[in-house]
Number of protein chains: 2
Amino acid sequence: MLSVHGVSIDFDQQSIQFIDKLTLMATPSTLHAQTCSTCNLRELCLPVGLSAQELNRVEQLVNVRKRVKRGDVLFRAGDAFANLYALRFGFFKTTTASPDGREQVTGFQMVGEILGLDGIVHDQHTCDAIALEDAEVCVLPFDKIEEISREVNQLQSNVHRIMSREIVRDQGVMMMLGNMRAEERLAAFLLNLVQRLQERGFSSTELQLRMTREEIGSYLGMKLETVSRTFSKFVAEKIIEANQRHIVITNAAALRRLAQAQTEEI
Amino acid sequence: MLSVHGVSIDFDQQSIQFIDKLTLMATPSTLHAQTCSTCNLRELCLPVGLSAQELNRVEQLVNVRKRVKRGDVLFRAGDAFANLYALRFGFFKTTTASPDGREQVTGFQMVGEILGLDGIVHDQHTCDAIALEDAEVCVLPFDKIEEISREVNQLQSNVHRIMSREIVRDQGVMMMLGNMRAEERLAAFLLNLVQRLQERGFSSTELQLRMTREEIGSYLGMKLETVSRTFSKFVAEKIIEANQRHIVITNAAALRRLAQAQTEEI
DNA sequence: CGGGCATTTGATCTAATTCAAAGCGAGTGG
DNA sequence: CCACTCGCTTTGAATTAGATCAAATGCCCG
């Protein structure tokens, strides 16, 4: 459930349309508002918990928004790092390549999540960020983030938390890749998606996958055939219903039982 | 090669003794100096690149050092988060547990590395940090880090870089766990250790493992038997010599070839 | 309506796990 | 100082989860 101007709104489906509807509701006069104060995502995003006054200061951060079409690249490994990106709507994957050309999906990002943290260490991105559906991001120049977070303690804290969250998330993925069997991984994956969607006001039982079986497999360290077979197994066991990429979770308890090995979010 | 007061020193073996020897050389009058300015690790640690003046300000950060005996816990999942820890000497592992009790090693830390970043998001640690040999850490209260890094830009930048480095490291581990076969993982693991040791002035061909086969396996997502067999295979192929935990790399090129799938450090 | 990608499903195959047993080494106490 | 553990490691044999190879089906989109 996403709270906008104190009003909670319930969604039963996630999609660009719904987010745009939300934008419309939240900011009737400024449809493509360029400021954080009028952005309906501010309670998910970098400025969580900032006072109106602090928010004013942070506004200076966001002057550019960028549309990224499905299939397009936001940044690529090797690109010079200058900005973080806050995802306003749409869906991304990040992929990391090895010297010998193998590629792995290392994350999926949805509304309100921050892309580009990998670039900070070496002033250079180490992964590709590719839109899996038409998306829009706020471009956040990192030097400005650093500058403003020296003045606004809450922003400083948020930056630290977001980075730490990413580190903890990665621990969970390692757990998944290192310890879990195919079924457990897929169960954990579905639950994780659905949980994040729920935090954003969408259904906790129904979702539209934005990625292929192959991308899921790459992320989960298994082959696309295994992903497909495991989906089929879940369907046979009446744990989920699956029509192509539309998934309905019919037995969340069973799924949770399977995914036990995964570290749950605190 | 570690540069101390402008003098480069070469080690052929890593061990507590050697680090203590170094301490002795670097700070003859204050054997257990409690300040960063006199710490021989300052070029590896949080204060990299700080001017003497800035260093003075950062000094206020470090007032406590803590000894941790082999097998002892520095912090545990669930512990309240208050400090980061800079590793002065010794060797740690961090382990993450799942609800159903499975445990996985998610990292090994050596001199100059920072522990505790996982705790920032939820003011609570999410992993255990356990010393694999007698160790000493500087206790760095995180609120002070935040406070000082508002004033000292270079420190702020270092904090961000260290967190980002961790994120990039984790991407590499995911790559390893998701894409690589047992041999490749072990090769990548050995090369990574040896590379980090080399950055600290130790040999790039010889190392003393501080962890068991089981711990290696847990980190690499394989069983201890497989780790052992793979070591034996490397020995048979004359890529390494292994006597218990003492490893000599005799054919680094072959090892590098095997580990190609791993993302190399930029 | 046709072409190309994505998905499903089946039949082997194999890398790694599991189960089992023996060997080794460092530390302890008689 | 030796004998005896106990934990770690190695090696072997059997088993298996998932990979690979292959083919058919489905679906979207121009």
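This is a predicted model: local features need pLDDT of at least 70, side-chain atom pairs count only at pLDDT 80 or more; totals for chains, interfaces and linings use all residues.
**View 1. The interface of chain B and chain A.** Welcome to the contact between the two chains, where 54 residues of chain B meet 54 residues of chain A. Together the chains bury about 5,000 Å², and 58% of that area is on carbon and sulfur atoms. Polar contacts join 32 residue pairs between chain B and chain A, counted with both residues at pLDDT 80 or more. On the chain B side, the elements that give two or more residues are β5 (83-97), β6 (103-109), α3 (142-151) and α4 (153-179). Look to α4(B) for the most, with 21 residues. Sorted by class, this side of chain B has 18 nonpolar, 21 polar and 15 charged residues.

**View 2. A salt bridge from Arg102(A) to Glu184(B).** The rule finds four salt bridges across the interface of chain B and chain A, and here is one of them: Arg102(A) with Glu184(B), whose closest N and O atoms are 2.8 Å apart. On the chain A side, Arg102(A) sits in the loop between β5 and β6 (103-110). Its partner, Glu184(B), belongs to helix α5 (residues 182-199) of chain B.

View 3. Over all chains, a search of the whole structure gives 34 salt bridges. The one shown here pairs Arg88(A) with Glu136(A), and their closest N and O atoms are 2.9 Å apart. This pair links distant parts of the chain, 48 residues apart. You will find Arg88(A) in strand β5 (residues 83-97) and Glu136(A) in strand β8 (residues 128-141), both of chain A. Arg88(A) has a relative accessible area of 6%, so it counts as buried. Glu136(A) is buried too, with a relative accessible area of 6%.

View 4. Follow the shared partners and you can trace one network that joins Glu113(A), Arg196(A), Glu199(A) and Arg200(A).

**View 5. Helix α2 of chain B and its buried residues.** This helix covers residues 52-59, and its buried residues are Leu55(B), Arg57(B), Val58(B) and Glu59(B). Which elements do they pack against? The buried residues of α2(B) pack against α3 and α4 of chain B.

**View 6. Phe189 in the largest nonpolar core.** In soluble globular proteins, nonpolar side chains tend to be buried together. The largest nonpolar core in this model has 78 residues, and Phe189(A) and Phe189(B) touch the most other members. Leaving out residues up to four places away in sequence, Phe189(A) touches Phe108(A), Met211(A), Ile216(A), Tyr219(A) and Leu220(A). Another core, of 50 residues, lies apart from this one and includes Cys45(A), Val152(A), Cys138(B) and Val152(B).

**View 7. Chain A as a whole.** Stepping back for a moment, the secondary structure of chain A comes to eight helices and eleven strands. Of the 266 residues in chain A, 57% are buried. Among contacts in chain A with a separation of 6 or more, 71% are between residues 24 or more positions apart.

View 8. Gln244(A) lies in the loop between β10 (240-243) and β11 (246-249) of chain A. With a relative accessibility of 66%, Gln244(A) counts as exposed. Turning to chain B, Gln244(B) also has a positive phi of about 55 degrees. Gln244(B) is found in the loop between β10 (240-243) and β11 (246-249) of chain B. Its relative accessible area is 66%, so Gln244(B) is exposed.

Definitions and conventions:
Residues are numbered from 1 along each chain as its sequence is written. Chains are lettered from A and ligands numbered from 1 in the order in which they are written. Side-chain values use heavy atoms; hydrogens and water are left out. Contact means heavy atoms within 4.5 Å. Buried area is the accessible area (1.4 Å probe) that two parts lose on being put together, summed over both. A salt bridge is a side-chain nitrogen of Lys or Arg within 4 Å of a carboxyl oxygen of Asp or Glu. A polar contact is a pair of N or O atoms within 3.5 Å; within protein, one must be able to donate a hydrogen and the other to accept it, and residues adjacent in sequence count only if both atoms are side-chain atoms. Helices (H or I, at least four residues) and strands (E, at least two) are DSSP runs, numbered from the N terminus. Ala, Val, Leu, Ile, Met, Phe, Trp, Tyr, Cys and Pro count as nonpolar, Asp, Glu, Lys and Arg as charged, and the others, Gly among them, as polar. Buried means under 20% relative accessible area, exposed over 50%, partly exposed in between (1.4 Å probe, protein chains only). A nonpolar core is a set of buried Ala, Val, Leu, Ile, Met, Phe, Trp, Tyr and Cys residues joined through side-chain atoms within 4.5 Å.
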